[in-house]
Amino acid sequence: MESDQVRNKQVIFRDYVSGCIRESDMYIATDSVKIKLQSGTKGVLVKNLYLSCDPYMRMRMKNLPADFFMKPFAPGSPIVGRGVAKVLESEHPEFKEGDIVWGMTGWEEYSLITSTDTLFKIQDRDIPLSYYLGILGMPGLTAYAGFYEICSPKKGEFVFVSAASGAVGQLVGQFAKLSGCYVVGSAGTKDKVDLLKHKFGFDDAFNYKEEPDLNAALKRYFPEGIDIYFENVGGKMLDAVLLNMRPRGRISACGMISQYNLEQPDGVNNLMHIIYKRIRIEGFVVSDYYDQYPKYLEMVLKYIREGKIVYVEDVADGLENAPAALVGLFNGNNIGKQIVAVASE
């Protein structure tokens, strides 16, 4: 092996997936990577420190149509996702050796990043670096845009958050409380429900797995109806929410994790409520709001430093544990934001 190359452990995507994802849909391999860049490439070589496990990654394991808004993973190549990394070598004028960045990278020890449009330099180092995959990264900006920009909350409104203990939901609930709203969340275990009520400050929470009738459950927690629903789940939950929305309610459609492993998605039967209740539903992807990131960062850093917002992470140690961590998202194994710790700085 040449002296300017290092061994590079990688998580390889095996092939397009039908049904529920399994750890065997990914495998660990070792390649080599050059640690010296050719001049003029405008790329950066990074050492990955933390990797993010996100539900949307399941969609990229399908053979998606060409006009879909995201591209599928390439079979036989490393999984791609957001990460925090240290720049080892740079031919790009905005990044230099030693910079810490977050953005799209490979599920591997070292990555050559040639598309730097979504790469952000980390300036504030008094906050844990892993937070840039959660509260200070894509999930945080998602919660901010979906709640403030789309739902335009008003003090005293009734807010419901599904998948509320996850990377995005835990923040939406806290933003709702800071806005003077009444907020209830749903989660899948007693421990997660306790977390919502006692750590994140939700007014109430319930375990959706213990509710045989979601419509009845929502009527119990929202006797006056729901003004804002932050949608992370889809399917039967969305159907029940539509029955309980108040006139001119707003639904911010962030994700639908209950549907990602299904070949035939669940139907939604209560769409007529959108008409006569004048409900507004708006879907979005976080890249629509990248220009808002500096504004969001200024707001949320202040909240973190003042202790007004807390954040919970679930950390898997080692690249070899990344497949299990990703699969675990769809079994509800994680408590808080799921990340993978790859290396120390």
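Mentor: Let us begin with helix 3 (residues 190-198), which lies across strand 9 (182-187) and strand 10 and runs at about 170° to strand 10. The model is predicted: local features require pLDDT of at least 70 and side-chain atom pairs pLDDT 80 or more, whereas totals for chains, interfaces and linings use all residues. Residues are numbered from 1 along each chain as its sequence is written, and side-chain values use heavy atoms, with hydrogens and water left out.

Trainee: What makes a stretch a helix or a strand, and what does an angle refer to?

Mentor: Both elements are DSSP runs numbered from the N terminus: helices are H or I over at least four residues, and strands are E over at least two. Axes are lines fitted to C-alpha atoms, for helices over the stretch in contact, and angles run from 0 to 180 degrees between N-to-C directions.

Trainee: How do you know which strands form the open sheet, and in which order?

Mentor: Two strands pair if DSSP finds at least two bridges between them. Six strands form the open sheet in the order 10-9-8-11-12-13, with parallel pairing. Strand 10 (204-207) and strand 13 (280-283) have a single partner strand each, so they are the edges, and one side of each lacks a neighbour in the sheet. From one strand to the next the twist averages 15°.

Trainee: How many bridges pair strand 12 with strand 13?

Mentor: Strand 12 (residues 245-253) and strand 13 are joined by four bridges in the parallel sense; Arg250 stands opposite Arg280 of strand 13. Helix 1 packs on this sheet, touching strand 8, strand 11 (226-231), strand 12 and strand 13, and its direction makes about 150° with that of strand 11. Contact here means heavy atoms within 4.5 Å.

Trainee: Why is helix 1 described as largely enclosed by the rest of the structure?

Mentor: Buried means under 20% relative accessible area, exposed means over 50%, and partly exposed lies in between (1.4 Å probe, protein chains only). Eleven of the 13 residues of helix 1 (residues 138-150) are buried, so the description applies. Among them are Met138, Leu141, Tyr144, Phe147 and Ile150.

Trainee: Why does Ser152 count as partly exposed?

Mentor: Its relative accessibility is 38%, so Ser152 belongs to that class. Ser152 lies in the loop between helix 1 and strand 8 (158-161), and takes a positive phi of about 45° although it is not a glycine. Ala163, in the loop between strand 8 and helix 2 (169-178), also is not a glycine and has a positive phi of about 50°. With a relative accessible area of 30%, Ala163 is partly exposed.

Trainee: Why is helix 1 called roughly perpendicular to helix 7?

Mentor: Angles under 35 degrees count as roughly parallel, over 145 as roughly antiparallel, 65 to 115 as roughly perpendicular, and the rest as oblique. Helix 1 and helix 7 (residues 293-305) pack at about 95°, with their axes 10 Å apart. Helix 1 is therefore roughly perpendicular to helix 7. Gly140, Leu141, Tyr144, Tyr148 and Glu149 of helix 1 make the contact with Tyr293, Lys295, Tyr296 and Met299 of helix 7.

Trainee: Why are helix 4 and helix 5 called oblique to each other?

Mentor: The axes of helix 4 (residues 214-221) and helix 5 (residues 235-244) come within 9 Å and cross at roughly 45°. The two helices are therefore oblique.

Trainee: Is the crossing of helix 4 and helix 5 left-handed or right-handed?

Mentor: A crossing is left-handed if the near helix is turned anticlockwise from the far one by less than a right angle, and right-handed if clockwise. Helix 4 passes helix 5 in a right-handed crossing.

Trainee: What makes strand 5 largely enclosed?

Mentor: Six of the seven residues of strand 5 (residues 100-106) are buried, so the rest of the structure largely encloses this strand. Strand 4 and strand 5 run antiparallel and are joined by seven bridges, with Ala85 opposite Val101 of strand 5. Strand 5 also pairs with strand 7 (residues 120-121) in the antiparallel sense over two bridges; the partner of Trp102 in strand 7 is Phe120.
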